[in-house]
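Please open the model in a viewer and keep the selection panel at hand. The tour begins at a single residue and then widens to the whole chain.

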Amino acid sequence: MQFSIIIPVYNRPQEVDELLESLCLQTLKDFEVIVVEDGSSETCEDICKKYTQRLDLHYYFKSNSGPGPSRNYGAERSHGEYLIILDSDVIVPENYLQIIHNELAAEPVDAFGGPDKAHPSFTPIQKAINYSMTSFFTTGGIRGGGKKLDKFYPRSFNLGIRRDVYETLGGFAPMRYGEDIDLSTRIFKGGYSCRLFPEAFVYHKRRVKFSSFFRQVKHSGNARIELKKKYPDTFKLVHLLPAAFVCGNILMVLLAIFWSWLWLLPIGLYIIMVFIDSLLKNKNLKVAALSIIASYCQLFGYGIGFIETFFKDLFGKM
């Protein structure tokens, strides 16, 4: 068997239903699916039972421990040559596994990852959030498969790795946030090959509210400081950009209040660029307008999380 697909899930049965349905439509059939219920109160066991005749599907329930240990739990019970880690809130195109198979056949690699896109059925907020996570004006396009300000690190919503490499590295660390970047860092430090498969994208639904999206990216900002302490040499200037964006915006607003409104022009220019870029990509005025809010949530959430943990760590050492 070539592929084992590992899906940790916590209280999201409807999402699992949509993901499993998309897996049933794969043109390549040599794979198994491992669903790990991470102590959910609203389980997807009945959902999984619907697919046991259509998929080589294995369902496990365990006590809550977070996504990293749950992925490790599933990996230990899988049999594929390659492990593919997917979040429960994604949908895969029907040629997803075939594309991965073709990429590996053309140029074998130890680990890989793919970008994410917004499905036409997504809500305007979900499309706006997807824009903010993949746009050059927010993340530098690192997660969108486009131009990158830093080398590509596979993320856990769409990550593949050879089983023997995963086992050698010990799988995911027991971190609550940033565990996928931690694994990607250890892949590079271990000297293993890793690259982006730009056509192996998934449709990633992410959050449906800006408030929950803000909390999510804030945790990512928190995790970046922890990763910096763990791997000092991996920290890049690009990781400071959201924090600089937060400080810059606050400073310009204060200068506009106490000095001249002209200091608001850079903010206005940024808003216009995001609006036009999203409009060109999404062809929807509402999504373009919401993309402004999503972009500020993304940058302020990550930046505030980064700043918060930085000062907690700084004062904790004093």
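The model in view is a predicted one.

Next, select residues 13-24. This segment is helix H1, and Ser22 lies within it. Is Ser22 buried or exposed? Its relative accessibility is 6%; because buried means under 20% relative accessible area, Ser22 counts as buried.

Now select the entire protein and colour by secondary structure. The protein comprises 11 helices and 10 strands. Its radius of gyration is 20 Å, close to the 20 Å that the globule rule gives for 318 residues, so the protein is as compact as a globular protein of that length. Orient the view along the principal axes: the C-alpha trace spans about 70 × 50 × 45 Å.

With the whole chain still selected, display contacts between residues at least 6 apart in sequence. Of these contacts, 79% join residues at least 24 apart.

The protein exposes about 14,700 Å², of which carbon and sulfur atoms supply 61%.

Finally, select the charged residues. The protein carries 37 positive and 33 negative charges.

Technical notes: Residues numbered from 1 in each chain as written. Predicted model: local features only at pLDDT ≥ 70, side-chain atom pairs only at ≥ 80, totals over all residues. Heavy atoms only, no water. Helix = DSSP H or I, 4+ residues; strand = E, 2+ residues; numbered from the N terminus. Rg over C-alpha atoms; globule rule 2.2 N^0.38 Å. Contact = heavy atoms within 4.5 Å. Areas by Shrake-Rupley, 256 points an atom, 1.4 Å probe, with all protein chains shown as cover. Lys, Arg positive; Asp, Glu negative; His and termini not counted. Charge placed at Lys NZ, Arg CZ, Asp CG, Glu CD. Buried < 20%, exposed > 50% of the residue type's maximum accessible area, 1.4 Å probe, protein only.
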